[in-house]
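The exercises below are meant to be worked with the sequence and the structure side by side. Try each task before reading the solution that follows.

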Amino acid sequence: MKKLLTTIIMVLAVVVAMAQAPEKLTYQAVVRSANNALVTNTLVGVRVSILQGSATGSGVYVETQMPSTNANGLITLNIGDGNAIFGTFGDIDWSVGPYFLKTEIDPAGGNNYSVTS
């Protein structure tokens, strides 16, 4: 989990250093069930939040998506292309970060989201 958080922070730091704000961010994850089995070839519910200031900071953007896992349990999202629940991705002022990415998943494809390590 620490590696994932460090990677996300590094990606967001690079984005902040860019002259233009991103139109979207690409995100990949492997989805596993509560008993650690891969969730394969299945629609899953995902909620993505971009938080400002800290890993528990205020949400500036929240969206949901329903990607399908592949045979290896992998999902790929374009953050900014989902169903916006709060905020507008294009309106995020990346210069006033830091920003943190919070992902929550419902492996059953609904909206009973949870954060897992």
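Helices (H or I, at least four residues) and strands (E, at least two) are DSSP runs, numbered from the N terminus. The model is predicted, so local features need pLDDT of at least 70 and side-chain atom pairs count only at pLDDT 80 or more, while totals for chains, interfaces and linings use all residues. Residues are numbered from 1 along each chain as its sequence is written, and side-chain values use heavy atoms, with hydrogens and water left out.

**Exercise 1.** Find the strand in which leucine 77 lies, and decide whether leucine 77 is buried or exposed.

Solution. Begin with the position: leucine 77 belongs to strand E4. Next, apply the cut-offs, by which buried means under 20% relative accessible area, exposed over 50%, and partly exposed in between (1.4 Å probe, protein chains only). Leucine 77 has a relative accessibility of 0% and therefore counts as buried. Finally, list its contacts, meaning heavy atoms within 4.5 Å: beyond its neighbours within four places in sequence, leucine 77 touches residues including Leu25, Val46, Val48 and Pro67. The C-alpha atoms of leucine 77 and valine 48 are 9.7 Å apart, although 29 residues separate the two in sequence.

**Exercise 2.** Determine how strand E2 is paired with E6 and with E3.

Solution. Two strands pair if DSSP finds at least two bridges between them. E2 runs antiparallel to E6 over 8 bridges, and leucine 51 stands opposite phenylalanine 100 in E6. With strand E3 (residues 58–65), E2 also pairs in the antiparallel sense, over 7 bridges, and there valine 48 has glutamate 63 as its bridge partner.

**Exercise 3.** Locate the salt bridges, and say which parts of the chain each one links.

Solution. A salt bridge is a side-chain nitrogen of Lys or Arg within 4 Å of a carboxyl oxygen of Asp or Glu, and the whole structure contains 2. One joins aspartate 81 to lysine 24, with the closest N and O atoms 3.2 Å apart. Aspartate 81 sits in the loop between E4 and strand E5 (83–86) and lysine 24 in the loop between helix H1 (2–17) and E1, so the pair ties together parts that are 57 residues apart in sequence. Another joins arginine 47 to glutamate 104, the closest N and O atoms being 2.8 Å apart. This pair links E2, which holds arginine 47, to E6, which holds glutamate 104. Arginine 47 is partly exposed at 27% relative accessibility, whereas glutamate 104, at 9%, is buried.
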